[in-house]
Amino acid sequence: VQLVESGGSAVQDGDSLRLSCAASGRTYNSYVTAWFRQAPEKEREFLAAVERSNGNTHYADSVKGRFSISRDDDKDMTALQMNLLKVDDTAVYYCAEDDIGRTRFSGSYAVDWAYDVWGQGTQVTVSS
């Protein structure tokens, strides 16, 4: 499977943005799809995850209430709705899939090593 992110843009503080992650070449279902981000000179940061089996969602405390992850199984796409964007949200945003169940093994959705397929990223820049 390949993942391609889109929707990144330059926006103003307080704006909203919707990112999309499109999957192609799928031959098996994923366990979990997640969004991460990485700002310059910072560690990659978990944002949100959605379980394919039941649609349960999980969020980092830093974005809970502002970001929302959703999945469209018919289109094989995962979206990240981001509201009330802040300058600190500036980063490259990545979607990732756990296709072999490592998130279950790790006991956490926030560890990047649990995800084995990654997109190329999309840039989000928030200015004041």
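Author: Buried means under 20% relative accessible area, exposed over 50%, and partly exposed in between, with a 1.4 Å probe and protein chains only. This is a predicted model: local features need pLDDT of at least 70, side-chain atom pairs count only at pLDDT 80 or more, and totals for chains, interfaces and linings use all residues. Residues are numbered from 1 along each chain as its sequence is written, and side-chain values use heavy atoms, with hydrogens and water left out.

Reader: What makes R26 and E97 buried?

Author: Buried means under 20% relative accessible area. R26 is buried, and E97 is too, so each falls under 20%.

Reader: Why is the contact of R26 with E97 called a salt bridge?

Author: A salt bridge needs a side-chain nitrogen of Lys or Arg within 4 Å of a carboxyl oxygen of Asp or Glu. The closest N and O atoms of R26 and E97 are 2.4 Å apart. Strands are DSSP runs (E, at least two), numbered from the N terminus.

Reader: How do you know that K64 and D61 form a salt bridge?

Author: Their side chains meet at 3.3 Å, N to O. The limit is 4 Å, so the pair counts. Both K64 and D61 are exposed.

Reader: Why does the pair of D89 and R66 tie together parts of the chain?

Author: Their side chains meet in a salt bridge of 2.8 Å, N to O. D89 lies in the loop between β8 (77-82) and β9, and R66 in the loop between β6 (57-59) and β7 (67-72), so the pair ties parts 23 residues apart in sequence. Both D89 and R66 are buried.

Terms used:
Helices (H or I, at least four residues) and strands (E, at least two) are DSSP runs, numbered from the N terminus.
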